[in-house]
Amino acid sequence: MNQQSTGRAGAAWALVITSVAGFMAALDNLVVTTALPSIRESLGGEMEELEWTVNAYTLTFAVLLMFGAALGDRFGRRRLFLTGLTVFTGASAAAALSPGINELIAFRAVQGVGAAIMMPLTLTLLTAAVEPARRGAALGIFSAATGLAVASGPLIGGSLTEHISWQWIFWLNVPIGLLLLPLARFRLAESYAPGARLDVPGTLLVSGGLFGIVYGLVNANADGWTSPTVLTSLIAGIALIGAFIRHGFRGRKPMLPMRLFRDRGFFGINIASMLMYLGMFGAIFLLSQYLQGVLGYSPTEAGLRMLPWTGMPMLVAPIAGMLSDRFGGRPVVVTGLALQAVGLALFALIIAPDASYASQLPALIIGGIGMALYFAPAASLVMSSVRPGDQGIASGSNNALREVGGALGVAVLTTVFASQGGLESAQSFTDGTVPAVWIGSGVVALAALVALMIPGRRAAGAQEAATETADADAHTEEPVSVPA
């Protein structure tokens, strides 16, 4: 009885610590969006530099996530989680103290490094701490927390910016990080993955490839698509990503084994997640500025008016979890992505220099319900699609692909915005935002179609049973856990 109570207490602590850490890392993806006008006024900068205050974080986050997961598997997940949390907390304080836009971009990149080490280990630490019978519920709560963070970023950022200062969107992380550090040290169990090794060639290939692609997309606005710098960056980035994929097939213990993508469930949820973030991040980046720059709302007013969208996960996530338990994850995720696509399409239809808030409400509510339905079962689908020994890299790859989608979303949709409009007037901003949001809607609709590849409940159960049998025959080892 005492052992069971201790196990449940440890699982509860793991859920609280990992959920708060995941919330904090996910929050910083979009917390700056409603603060961008204030940051521009305070530190200066053009649209390209404002993009980098978002993309510097998402890019380093995406590039190093799988490397962070591999480090944790090799040297201890709790140890590396503490390292990532320390880097993230310190970089948050440095970002708050930034004297200029270039320094802010640099410290946002360091923040992303800390988050990349910390974030993929949250799921593996949580999975190791929670017994299988309760794992689905725990992962649902974790997913709801991170989903809420992504969605509530504009509101939190807007409120802090207006009522205190934009610097407090970064100062907020410092006391939370300092509180989590001792809790994580003494309440989380250490765990490793047997036989884990670092894949230096894979890390260099994916890092260089992603940087080249995003750098090229962001600078295409200012330099033009035919610029030698932009073309070289895009071509080199695509070539390096191609080499990374080839390495994943042929390399010895690659950081992202491409064999994982042969599983329909793993392929479907990962590609759908990347596309969803591409459409959603780019749209939120532009819409939060549209509400302020065109409709004249203050940062807090903009955040509050997005609340039917951003706050919906708090209301719908528990229902989404029950629906997922009852019908399986695939129909819930597909429905959520379809509703998100509809919400963005409705927004594209009503965007105008004088759009009323009443006309925005249907888009906000439908999009919010869709977001909640996606987030609730997503993590569980990822972790259940691979063997226990692959869960660390599965978590890292899923987070990496989502962040890649987010970085590409901001870059691509801002490129569309710049080609069709600009910052000169309300009408010009509207002219650029409408086609960009339409593209965001189309990308999320494509994500819904891709998610149909995820096996249904019966097929997933049969596949899981076959995998367990194969693992038993091969004497596959489970990850080793060491008590704190």
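Two residues are in contact when they have heavy atoms within 4.5 Å of each other. Take L307: setting aside anything within four places in sequence, L307 is in contact with L155 and M312. What you're looking at is a predicted model, and the protein in it has 19 helices and 2 strands.

**The big picture**

- The protein has 484 residues, and 58% of them count as buried.
- Among contacts with a separation of 6 or more, 85% are between residues 24 or more positions apart.
- The accessible surface comes to about 18,600 Å², and carbon and sulfur atoms make up 65% of that.

- The average pLDDT of the protein is 78, with 84% of the residues scoring at least 70.
- Confidence is highest in helix α4, at 91, and lowest in strand β2 (residues 480-482), where the mean is 45.
- Residues 1-6 have a pLDDT below 50, and this stretch makes 0 contacts in the model beyond its near neighbours in sequence.
- Residues 460-484 also stay under 50, yet the model gives them 31 contacts beyond four places in sequence.

**The nonpolar cores**

- The largest nonpolar core has 141 residues, and F81, Y290, W309 and L337 are the ones with the most contacts inside it.
- Helix α11 (residues 264-293) supplies the largest share of this core, at 18 residues.
- Which residues does Y290 touch, leaving aside its neighbours within four places in sequence? They are L295, I351, A352, A355, F429 and T430.
- There's also a second, separate core of 6 residues, and M312, V332, A372 and L373 are among them.
- In soluble globular proteins, nonpolar side chains tend to be buried together.

- Helix α5 (residues 101-129) has 29 residues, which should span 42 Å at 1.5 Å a residue; the end C-alpha atoms are 41 Å apart, so the two values agree.
- Follow α5 along and you'll find a bend of about 30° at T122.
- Helix α10 (residues 228-250) has 23 residues and reaches 32 Å from first C-alpha to last, close to the expected 33 Å.
- Which residues of α10 are buried? The list runs V230, S233, L234, G237, I241, F244, H247 and G248.
- An α-helix has 3.6 residues a turn, so residues three or four places apart point the same way.
- I235 and G209 are 26 residues apart in sequence, and their C-alpha atoms are 9.2 Å apart in space.

**Two buried threonines**

- T53 is found in helix α3 (residues 47-75).
- Why does T53 count as buried? Its relative accessibility is 1%, and the cut-off for buried is under 20%.
- Beyond its neighbours within four places in sequence, T53 is in contact with V32, L36, I101, L104, I105 and R108.
- T89 sits in helix α4 (residues 77-96), and T89 counts as buried because its relative accessibility is 6%.
- Not counting residues up to four places away in sequence, T89 touches N173, V174, G177 and L178.

- R40 lies in helix α2 (residues 36-43), and R40 is partly exposed at 33% relative accessibility.
- R40 and L50 are 10 residues apart along the chain, with 7.4 Å between their C-alpha atoms.
- P182 has its place in helix α8 (residues 173-187), and P182 is partly exposed at 42% relative accessibility.
- How many residues separate P182 from L82 in sequence? They are 100 residues apart, while their C-alpha atoms are 9.0 Å apart in space.
- L307, the residue from the opening, belongs to helix α13 (residues 307-310).
- With a relative accessible area of 34%, L307 is partly exposed.
- L307 and I365 are 58 residues apart in sequence, and 8.8 Å apart from C-alpha to C-alpha.

How values were computed:
Residues numbered from 1 in each chain as written. Predicted model: local features only at pLDDT ≥ 70, side-chain atom pairs only at ≥ 80, totals over all residues. Heavy atoms only, no water. Helix = DSSP H or I, 4+ residues; strand = E, 2+ residues; numbered from the N terminus. Buried < 20%, exposed > 50% of the residue type's maximum accessible area, 1.4 Å probe, protein only. Areas by Shrake-Rupley, 256 points an atom, 1.4 Å probe, with all protein chains shown as cover. Core = buried A, V, L, I, M, F, W, Y, C linked by side-chain atoms within 4.5 Å. Expected span 1.5 Å × (residues − 1). Bend = angle between axes of the 7 residues up to and from the residue. pLDDT = per-residue confidence, 0-100.
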